[in-house]
Amino acid sequence: MAAVPSPSQRLLDFSQPIDVPLLDATVTAFYGAGSPAERSAAEDVLKRLQTHPEAWMRVDAILEASKTQQTKFFALQILEEVVKYRWGALPDEQREGIKNYISNLIIKLSSDEATFRREKMFLNKLNLILVQILKQDWPHRWQSFIPDIIGASRTSETLCENSMIILKLLSEEVFDFSRGELTQAKTRDLKNSLNQEFRLVHELCLFVLGASQSLDLIKATLDTLHVFLSWVPLGYIFESNLLQNLLRLFLTPAFRNVALQCLTEIAALEPAGDTYKSQSDSLFKEFMDYLECILPSGTNIPEAYSHGSDDDQAFVSNLALFFTAFFKTQISVLEENPNKSFLFRGLDYLLSISFVDEDEIFKICLDYWNFFVPDVYTSATTQDTLAPFAFQGLQNHQSRKVLYGKVLSQLRLLMITRMAKPEEVIVVEDENGNIIRESMKDTDVVARYKTMHETLVYLCHLDHEDTEAQMLEKLRVHLSTKDWPWASLNTLCWAIGSISGSMLEEQENRFLVTVIRDLLNLCEITRGKDNKAVIASNIMYVVGQYPRFLRNHWKFLKTVVNKLFEFMHETHPGVQDMACETFTKLCSKCKRKFVVSQVGEVEPFLSELLNNLVNIIQDLETHQIHMFYEAVGLIIGAEMDAKRRAEYLARLMQPPNHTWHTIIEQARGNQEVLRQQEVIRNVQIVLQSNVSVCSSLGHPFSSQLSLIFVDMLSVYKMYSELISAAVASGGPHAARTSHVKLMRSVKKSSLRLIETFAEKCEDDELLVRQYIPAMADPVLGDYARNVPDARDAEVLSLFAALINKLKQRMEAEVPQIFEAVFECTLQMITKNFEDYPEHRLQFFSLLRAITNHCFATLFTMSSTQLKLVMDSIIWAFRHTERNIAETGLNLLLEMLTSFEKNDFVTQFHQTYYLQLIREIFAVMTDTVHKPGFKIQARILHHLFSIVSSGAIKAPLWDLSKQDASAYPNNVVWAREQISHLLTESFPNLRQHQVEACVAGMFELQEFSAFKQHLRDFLVQTKSFASQDNADLFAEEVAQQREAERQRKLQIPGLIHPHDQEEMTDG
């Protein structure tokens, strides 16, 4: 007797009709009706069914017979996958069959009102599938689509409503979501077709808005218009009664918000010269008259918003979008009108909306003010430049700076009142009103501060006096009022700090003398720890932003620094950190002032500081002391006299050196001392203090390093042996014990100190002669001998830094480095993608340094060693960690570029060319390596170019299998190999597509065109179709960022003093 097939076998048996009730039961079990085991079994069956190449042929039967929505959606998912990824591989008759089936099912479901409302979600999924088909077949294979859908829409209101949804989805797919999803040619084709066919859509929309009484249909039509209006020819808007219809519907509460969204799209359209100028002017006037009926001018919009319904609040948000869009594109039209009352009424509305206490609305308004204020500033400076040469008419013309004087003054108030918190401020108020240290940066607030800072700087340039008067008046109110809110003083001080550099020096001096004096007075008279902490935070932020003023006013600088020393004893959360950070900033920008004897003082301030060093830092935590030491290192570096500099350094390092020498002396008598946890901790703190000073002082630190270097290597070696023994006996777990971690921190600090000095050292001979030989066994030999869990990635980082510093002078050392670290590290990092993350990154940084600066050493390697290097590079760019993958790609590109200039280029590419092509295409077409697209494209461009250029002098194919005449040249061979690779990897691509892709890759010599060709190729492979492709365009984004930085450099104050290049303070 034959065995009864299991349920999974019956569902996957494509020789029999599908058992829909069984499928319903399986889907129900998967969605939670069954036990965990049943759910797992159901998931397995459904996955296998979904990926079966013939599963889509069962969709019609499933949709007809299924009793559950979940099963129907499962069937539609199968169909959608076929349309998105396998459509091009289906025969024409099957594509036509699917198209007709979907179209007829949509018509059937949307022709009846009750069915249409009931099956809305199901119908939406069908609409999405239809749009996916349209993206592939329209217009060439379905030329009648627009006439068909428009004709069907006139037969039924529900059918018309669904047609509007389809048209909306199609417009969004083509105009909003096509980047990275469609090739450039296909996107152009679809946009042209929509433009040509829009007349029919336009007529249908006007017909619905004028004749229909269905609320749902009118809303759907307005939604569709909303997405169409951003790209339609302007004639369809201004040469029809569309605007009148929209303004009429704007008065109706049910349609007000969506009608306003449509008007906003029209407002945002770029004007076509003077063609529709009068219509734009009329539109704004009519809109303002209608708005007066809904929201009378003079209404307190912030208060109305706080008590309004959801629709009312959405209306205020949409209103902000309308005004900002209209003013951005059409404000010049309103400025030319002699009657400017409508313009100022509109700006008053927008200003009032800007004060609404809602972040999203404020961001909308702020975005516009950040456009408007620089625009007024630019026109004002242009007019000032042209004024001496102007004709009478231009001179009499009222400048925009004067025209908008009142608006600009209100904007200053807005920016001062709502200024966002700068990144440097870490003392904040929590939701309970307590003053605490900020634990995490709010990136949204940081971005908003940058925009507000830029806007306020322009406002300050337009009228310094008004800016200064408003700020000083607010400060005066704080001084005279006892009960003031934290937020008000905070925003004022953040605003004061944000305009640093935007005033003339004399104005800035006068302004700051008042501000700092008043803030210091406020700190003196205020009681309560929280109150004092807030004021301290604000004082530190303000003074930190004005290094130019402090450099020019020694007494103020000294007072401020002494105040910072006071704050370093204040244990309120965040105050000490901020005091140390502000002191570091001031040392960076005013360092010369501290080493020069000032008028009326017997010694430089640095000497006074070093005399009181222990008292100043006694209440600071360890990380704060290190920050302080780094700051003092900056000051010492400003002393020009080498003898005095060495004396200052010795005085600064006296406390840690005393601790160090005490420990070393004790250890000479009894090494067991070094095993004590407290001693290990002290050694680590001493070494970290040395690192901090070395990082800021640079080469002059050599006198201090020579004092401790030999003993430090001895301590390093001893701790290394102890760690190795502990890990060898206790296994990997021992490496995570607190005792071993402490000993390792000493080793890491030692290596970091040597690396920091190497990077700062100005005497290469000193490094080569004195330091590198001394490290051969204690550092390199120790790394090679150690067990994997006891090896420190900082060793790799140190030798990478030394090679980057000394370049070819390290060639003699590379074989020893290679022998000590290469193979043993590779064994650690190639077992998986997770273990030893730091070793991975530093290993490839070391390899990159060798490739860039000691390239000749690669030729001394055996073929086995070179293969090991290439395999490790390939392994690196396959890595899922972005920084490791990018290091691997950069390393490969640099190596290829170096080989191109070398006689070994032919030999290298004969061995690795095809492997590299295959590996780069593999990472380029998966879904986890998209951030590396730019470098991947560079490597492929190089590989194709080097073959085309003839730089490779011998056949690349295997001469043991084919003779030298098998191909006329390397280009023909490479084209054949790459075509075969792509055909095998992407069976959905047809032969003509593959040939066109490969031809373009070889023929496009200009990199930007080559890169765009690759993007189109990736779209065609469908590997990326459902992913976010923003990373493919990262290079363009970076270029825009640099252009923006250059723009800001042109306006004083837009870039903070601390973000600019080092300023002299002589």
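## Helices α24 and α25

Helix α24 (residues 443-462) and helix α25 (residues 464-480) cross at roughly 115°, and their axes come within 5 Å. Axes here are lines fitted to C-alpha atoms, for helices over the stretch in contact, with angles from 0 to 180 degrees between N-to-C directions. Helices are DSSP runs (H or I, at least four residues), numbered from the N terminus.

From α24, the contact takes in Leu456, Leu459, Cys460, His461 and Leu462; α25 supplies His464, Thr467 and Met471. Contact means heavy atoms within 4.5 Å. Five of the contact residues are nonpolar, three are polar and none is charged. In this scheme Ala, Val, Leu, Ile, Met, Phe, Trp, Tyr, Cys and Pro are nonpolar, Asp, Glu, Lys and Arg are charged, and the others, Gly among them, are polar.

## Model and conventions

This is a predicted model: local features need pLDDT of at least 70, side-chain atom pairs count only at pLDDT 80 or more, and totals for chains, interfaces and linings use all residues. Numbering starts from 1 along each chain as its sequence is written, and side-chain values use heavy atoms, leaving out hydrogens and water.

## Salt bridges

The whole structure holds 56 salt bridges. The criterion is a side-chain nitrogen of Lys or Arg within 4 Å of a carboxyl oxygen of Asp or Glu.

Glutamate 161 pairs with lysine 120, with the closest N and O atoms 3.5 Å apart. The partners sit 41 residues apart and link distant parts of the chain: glutamate 161 lies in helix α10 (residues 157-176), lysine 120 in helix α8 (residues 120-137). Glutamate 161 is buried, at 4% relative accessible area. Lysine 120 is partly exposed, at 25%. Buried means under 20% relative accessible area, exposed over 50%, and partly exposed in between (1.4 Å probe, protein chains only).

Arginine 400 and glutamate 335 form another salt bridge, at 3.0 Å from N to O. This pair also joins distant parts of the chain, 65 residues apart: arginine 400 is in helix α22 (residues 400-403), glutamate 335 in helix α18 (residues 310-336). Both arginine 400 and glutamate 335 are buried.

Arginine 744 bridges to aspartate 792, with the closest N and O atoms 3.0 Å apart. Arginine 744 belongs to helix α38 (residues 738-760); aspartate 792 is in the loop between α39 (764-785) and α40 (793-806), 48 residues away. Arginine 744 is buried, with 12% relative accessible area. Aspartate 792 is buried too, with 2%.

A network of salt bridges links Arg744, Lys747, Lys748, Arg752, Asp782, Asp792 and Glu794.

Methods: Helix = DSSP H or I, 4+ residues; strand = E, 2+ residues; numbered from the N terminus.
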